Amino acid sequence: SLFRHATFEISIAEPKGLPAPNGREVAFAGRSNAGKSSAINTLAGHTRLAFVSKTPGRTQLINFFRLRCGGVMVDLPGYGYAEVPEKIRRQWQRLLEQYLTERENLVGLVLIMDSRRPLTPLDRQMLDWFAPSGRPVHVLLTKADKLTRSEAAKTLAATRKALAAWGDAVSVQLFSSLKKTGIEEVERVVAPWLID
Ligand code: GDP
């Protein structure tokens, strides 16, 4: 239970507010409304650790949560919300790029995608920024409960194949916050990133 009993540490709105590196970080990113907050809450076994957005795109903060293993779970702002002004959108993109490319204690990325719409252009952008570091990326195809078994299997296989373009350190699984499926698989993948 890697993510259980995570505790809130700090929220930041600008890169210059980043806390000094203190423990290994695993970041969660995803398109706005993909299901990131729900996934974090499901993993943490908490109903509202991460704020499930009523207004997509409004959570423009980076939230830091301390895990019991000593590592840190970092909730990055959701991207791709169309109704955010272009200027603001560019600022968030810059914050994400800077964090993903420069954060020295960031050991891996969990990328949340809606299983009905995987690998949007901005998801690909996140992979382009982070994968060259050689650090692992684990993709959660969430809302898997909305697919039939065969659709889910097809989506998983197709996404896995497409992700190979970003190298060997990228993995993918199905996930559902509603059905609480896939939790153990995430923990199995991410635990070695955080624990020596
Ligand atoms: P975020 O913007 O990525 O943080 O997305 P949220 O976690 O706020 O979820 C967006 C919407 O999708 C909400 O209405 C959630 O209830 C719904 N949702 C999230 N995860 C799941 C899931 O696994 N299954 C289903 N059916 N709905 C989900």
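Begin the tour by selecting H5, which lies in the segment before β1 (7-12). The model on the screen is a predicted one. H5 is not a glycine, yet its phi is positive, at about 65 degrees.

Next, display the ligand and its surroundings. The ligand is surrounded by 19 residues, and the closest are G35, K36, S37, S38 and L178. Colour this shell by residue class: 4 of its residues are nonpolar, 11 are polar and 4 are charged. Which element gives the largest share of the shell? Helix α1 (residues 36-44) does, with 3 residues.

Remain with helix α1 and select A39, which has its place there. A39 is buried, with 26 other C-beta atoms within 10 Å. Apart from residues up to four places away in sequence, A39 touches I112, L140, T142, F175 and S177. Now select L141 as well: A39 and L141 are 102 residues apart along the chain, while 10 Å separates their C-alpha atoms.

The next stop is helix α3, residues 121-130. Select D123, M126, L127 and F130, which are buried. As a general rule, an α-helix has 3.6 residues a turn, so residues three or four places apart point the same way. To see what covers the buried residues of α3, display, among others, β2 (25-30), α2 (86-102), β5 (106-114) and β6 (137-142).

Proceed from α3 towards β6 and select A131, found in the loop between the two. A131 counts as partly exposed, with 19 C-beta neighbours inside 10 Å. Leaving out residues up to four places away in sequence, A131 touches V137, W166, G167 and V170. Between A131 and G167, which are 36 residues apart along the chain, the C-alpha separation is 7.4 Å.

Now display β6 together with β7. These strands pair in the parallel sense over 5 bridges. From β6 the chain crosses through helix α4 (residues 149-163) to β7, and this β-α-β crossover is right-handed. To find one of the bridges, select L140, whose partner in β7 is Q173.

On the way from β6 to α4, stop at K143, which is placed in the loop between them. K143 is not a glycine, but it has a positive phi of about 55 degrees. K143 counts as buried, with 23 C-beta neighbours inside 10 Å.

The last stop is strand β7 (residues 170-174). Which residues form its covered face, and which its uncovered one? V170, V172 and L174 form the covered face, whereas S171 and Q173 form the uncovered one. Select L174 to finish. L174 counts as buried because it has 20 C-beta neighbours inside 10 Å, and the limit for a buried residue is 20 or more. Setting aside its neighbours within four places in sequence, L174 is in contact with S115, L141, A144, A152, L156 and G182.

Conventions. Residues are numbered from 1 along each chain as its sequence is written. This is a predicted model: local features need pLDDT of at least 70, side-chain atom pairs count only at pLDDT 80 or more; totals for chains, interfaces and linings use all residues. A residue is buried if 20 or more other C-beta atoms lie within 10 Å of its own, exposed if 12 or fewer, and partly exposed in between; C-beta atoms are placed from the backbone. Helices (H or I, at least four residues) and strands (E, at least two) are DSSP runs, numbered from the N terminus. Two residues are in contact if their C-beta atoms, placed from the backbone, lie within 7 Å. Two strands pair if DSSP finds at least two bridges between them. A crossover is right-handed if, with the strands pointing away from the viewer, the path from the first strand over the helix to the second runs clockwise. A residue is near a molecule or strand if its C-beta atom, placed from the backbone, lies within 6 Å of it. Ala, Val, Leu, Ile, Met, Phe, Trp, Tyr, Cys and Pro count as nonpolar, Asp, Glu, Lys and Arg as charged, and the others, Gly among them, as polar.
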